[in-house]
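Here is a short report on side-chain contacts.

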Amino acid sequence: MAEVSGWIWERNLRSFLELLSHYVGYDFDATDWETVARAVAETDDERTEGWYAYPLVGETRQAEVCLARSVGGDEVSVAVHGDLTAELRLRADTLLSAYAMR
């Protein structure tokens, strides 16, 4: 099982999830976003049990995205787990880098 991790600005979370979902082949919609947004509000990246995991399951690929807010900050820690192809690892890593920029 592979993992790609980092952090992004919270304001970029929806775009990050929409693009990652596209690469996985999952149709991330408004209902998905509402679910994630509510759950992430209660997370804490300083607690092991303070993370939220959301599955992205496409027809041929799947990934689990684990998220946790930085308490008192505008960052969200992100870890993408699963049987990730080299291409999907690269895309996830690129998204993390891009969405961590100001």
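## A bridge across the sequence

Arg69 and Glu10 join their side chains in a salt bridge, with N and O 3.1 Å apart. A salt bridge here is a side-chain nitrogen of Lys or Arg within 4 Å of a carboxyl oxygen of Asp or Glu. Arg69 sits in strand β3 (residues 62–69), while Glu10 sits in the loop between β1 (2–9) and α1 (13–24), so the pair ties together parts that are 59 residues apart in sequence. Helices (H or I, at least four residues) and strands (E, at least two) are DSSP runs, numbered from the N terminus.

Arg69 is partly exposed, at 24% relative accessibility. Glu10 is also partly exposed, at 29%. The cut-offs are these: buried is under 20% relative accessible area, exposed is over 50%, and partly exposed lies in between (1.4 Å probe, protein chains only).

The model is predicted: local features need pLDDT of at least 70, side-chain atom pairs count only at pLDDT 80 or more, and totals for chains, interfaces and linings use all residues. Residues are numbered from 1 along each chain as its sequence is written, and side-chain values use heavy atoms, leaving out hydrogens and water.

## Glu87 and its two partners

Glu87 forms a salt bridge with Arg61, and their closest N and O atoms are 3.4 Å apart. Glu87 belongs to helix α3 (residues 86–99) and Arg61 to the loop between β2 (52–57) and β3, so this pair links parts that are 26 residues apart in sequence. Glu87 is partly exposed at 36%, and Arg61 is partly exposed at 25%.

Glu87 also meets Arg91 in a salt bridge, at 2.8 Å from N to O. Both residues lie in helix α3, 4 residues apart, which is about one turn of the helix. Arg91 is partly exposed, at 31%.

## The wider count

How many salt bridges does the structure hold? There are 6. Elsewhere, salt bridges link Asp44, Arg47 and Glu49 in a network.

## Aromatic rings

The structure has 3 aromatic pairs. Rings of Phe, Tyr and Trp (its six-membered ring) pair if their centres lie within 6.5 Å; planes under 30 degrees apart are stacked, over 60 edge-to-face, and the rest tilted. Trp7 and Trp9 form an edge-to-face pair, 5.0 Å centre to centre, with 90° between the planes. Trp7 is partly exposed at 35%, whereas Trp9 is buried at 7%.

Tyr52 and Tyr54 have ring centres 6.2 Å apart and planes at 35°, so their pair is tilted. Both Tyr52 and Tyr54 are buried. Together with Phe28, Tyr52 and Tyr54 make one aromatic cluster.
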